[in-house]
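Okay, thanks for having me.

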Amino acid sequence: MSDYSRPRYESAKSGLASLLSGALASALTMVMILAVMWAVEIFDYLTPGSPDYAYGIRGWQPDGLVGIFTAPFLHGGFGHLMANSLPLLVLGFLAGLRGIGRFLAASLLIIVIGGVGTWFTSPGTYTVGASGLVFGYFGYVVARGLFDRRALDVVIGIGVAIAYWSILAGVLPGEPGISWQGHLFGLV
């Protein structure tokens, strides 16, 4: 009897240790990312001029392409950053549970696809904020539950879909000053 139960026990123990390690790494990574965003916003507040326009995504402007990589870290004020912080922390943490390597690859993909899509579809406007990452992490966590088919990932995906389904309205044009393009292409 013990010959059959030991491998299962060791496998479960190893899986739990891996999940806890991933959770710790994910939490630390998200806290660091948010700390950088807050430090940038404090710097923006305390210094004259605004890096938002210079380093945001400026649609159809060749020099606005740099914003693809910098815009997620810039925000249009503390209210904008506060609105993004909690969903980014929660969804980013859940996206990073299965490993920081996969998380960083997914983040880069979300940033590039979200940024390029925003750049192409918003001529004459500039876009800043981590909303594209929020929508991207939402899509990633739900899709991971559908495609990986691990019980925990399915439960997390369903929970995220139920808790955050209302954000999907943000991918439709409607509210002035809000980049539905960044939301849509971040989700893609």
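**Helix packing, then pockets**

So, helix 4 passes helix 6 in a left-handed crossing, where left-handed means that the near helix is turned anticlockwise from the far one by less than a right angle, and right-handed would be clockwise. Helices here are DSSP runs of H or I with at least four residues, strands are E runs of at least two, and both are numbered from the N terminus. Quick caveat: this is a predicted model, so local features need pLDDT of at least 70 and side-chain atom pairs pLDDT 80 or more, while totals for chains, interfaces and linings use all residues. Residues are numbered from 1 along each chain as its sequence is written, and side-chain values use heavy atoms, with hydrogens and water left out.

Back to that pair. From helix 4, His-80, Asn-84, Pro-87, Leu-88, Leu-91, Gly-92, Leu-94 and Ala-95 make the contact, meaning heavy atoms within 4.5 Å. Helix 6 answers with residues including Tyr-137, Phe-138 and Arg-144. By class, that contact has 11 nonpolar, 4 polar and 1 charged residues. The classes: Ala, Val, Leu, Ile, Met, Phe, Trp, Tyr, Cys and Pro are nonpolar, Asp, Glu, Lys and Arg are charged, and the others, Gly among them, are polar.

Now helix 7, residues 151–164: helix 4 packs on it at about 160°, axes 11 Å apart. The axes are lines fitted to C-alpha atoms over the stretch in contact, with angles from 0 to 180 degrees between N-to-C directions. Helix 4 and helix 7 are therefore roughly antiparallel; the cut-offs are under 35 degrees for roughly parallel, over 145 for roughly antiparallel, 65 to 115 for roughly perpendicular, and oblique for the rest. Pro-87, Val-90, Leu-91 and Leu-94 of helix 4 touch Ile-156, Val-160 and Tyr-164 of helix 7. That contact divides into 7 nonpolar, no polar and no charged residues.

On to pockets. A pocket is an open set of points on a 1 Å grid over the protein atoms alone, where a 1.4 Å probe fits, with protein on both sides within 12 Å along at least five of seven lines; lining residues have an atom within 4 Å of a point. The largest one holds about 580 Å³, and Tyr-126, Thr-127, Val-128, Ile-178 and Ser-179 are closest to its centre among 29 lining residues. Its lining splits into 11 nonpolar, 16 polar and 2 charged.

And which helix gives the most to the lining of the second largest pocket? Helix 6, with 7 residues.

Key:
Grid points are joined across faces, edges and corners, and a volume is the space filled by probe spheres set on the points.
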